Amino acid sequence: MNSLQIQYFLHLCQTLSVSETARQLYVVQPAVSKQITALEKELGVVLFDRTNRGVSLTPSGELIYTFLSGAQERFQKTLTQAKKLQTQKKSLTLGLLERLELDELTAVVKEMQRQHPDLEVTLVRLDNPALLSRLSDGRVDAIVTLDHAMDVRLGVQYTELCLVEAVFVISRFHPLADRETLRPRELSGQMICRVMSRQGDASDDFLTRVLPLLHIKPKGFFPVDNLESGLAAVESNDAVALIDKRLQLMHPEKYRFVPTGTYQSVVCAYLEKNNTPLLEELIHRLQEKLHTGELDVDAPRS
């Protein structure tokens, strides 16, 4: 079945006249009859009943017509969309959690821009509430953040990029900082920073899951708004904080790090309507680069 046969068949279904179909298509009548006969032979069904007054669709012909006319309409819509995409400027706006060390993302963007010269990528670094807000209102196409920071009420889709170890951080002037070895359970009895949402409730479920696993019984929780206020509490010895190994710290020499052996996901989150082929390509490339460890980050960096 070829495109010419489909064209002649659909026209004949509309006119129910071989001569009129030939006139509209600027061909001779035998050409129409030949294509219809060949189509019937290939399909193994009779499409038209022929009479001296013209033709009429058989039940089988009506079924084939319904399918082909619908398929042609869908194809034309798809073709229109494809042409529109071709003429549109390619762009992606990505949000990255501030201080999340992810040099791989920059490398992937450069690779994609080499292969797609007309691709424009805008990268913004923001705190998590701002990232979620921009994702929700469409100002960014996707965000890269930590899975425990996701707000489930947003109804977003997300793809895991890599795992990152969580570490406790205490001040270098903390009474425990001079110990040669320091295990997480020895942080029992300390105040621990806990991020609170704008509504005043705890937004970090990861912390509450990790503490029992590490046999840590905190003295209490020190409420903080973000990483900055958490580190300020650490530096003043008011509390200890749980952070992620890929977080970039301005002055790492101020802290003592306590590995936990627990991991969480760095994810790329996006609204379903933003899931374009370009975004899929970026996510796939980023996963590959992170898994190969080409730009491995072993510790918080300044």
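Colleague: Is threonine 15 buried, partly exposed or exposed?
Modeller: This is a predicted model. Threonine 15 has a relative accessible area of 22%. Buried means under 20%, and exposed means over 50%. The value lies in between, so threonine 15 is partly exposed.

Colleague: Which helix holds threonine 15?
Modeller: Look at residues 3-15. That run is a helix, and threonine 15 lies in it. The element is helix 1.

Colleague: With which side chain does the side chain of threonine 15 make a polar contact?
Modeller: Leaving out residues up to four places away in sequence, threonine 15 touches Glu20, Thr21 and Gln24. Its side chain also reaches a backbone oxygen, that of serine 17, at 3.1 Å. The side-chain partner sits at 2.6 Å. That partner is threonine 21.

Colleague: How far apart in space are threonine 15 and serine 56?
Modeller: In sequence, 41 residues separate threonine 15 and serine 56. In space, C-alpha to C-alpha, the distance is 9.6 Å.

Colleague: How many charged residues does the contact of helix 5 with helix 9 have?
Modeller: Helix 5 contributes residues including Glu104, Val108 and Met112. Helix 9 contributes others, among them Leu282, Arg285 and Lys289. By class, the contact has nine nonpolar residues and one polar. The charged residues number five.

Notes
Residues numbered from 1 in each chain as written. Predicted model: local features only at pLDDT ≥ 70, side-chain atom pairs only at ≥ 80, totals over all residues. Heavy atoms only, no water. Contact = heavy atoms within 4.5 Å. Helix = DSSP H or I, 4+ residues; strand = E, 2+ residues; numbered from the N terminus. Nonpolar A, V, L, I, M, F, W, Y, C, P; charged D, E, K, R; others polar. Buried < 20%, exposed > 50% of the residue type's maximum accessible area, 1.4 Å probe, protein only. Polar contact = N/O pair within 3.5 Å; in protein donor to acceptor, adjacent residues only side chain to side chain.
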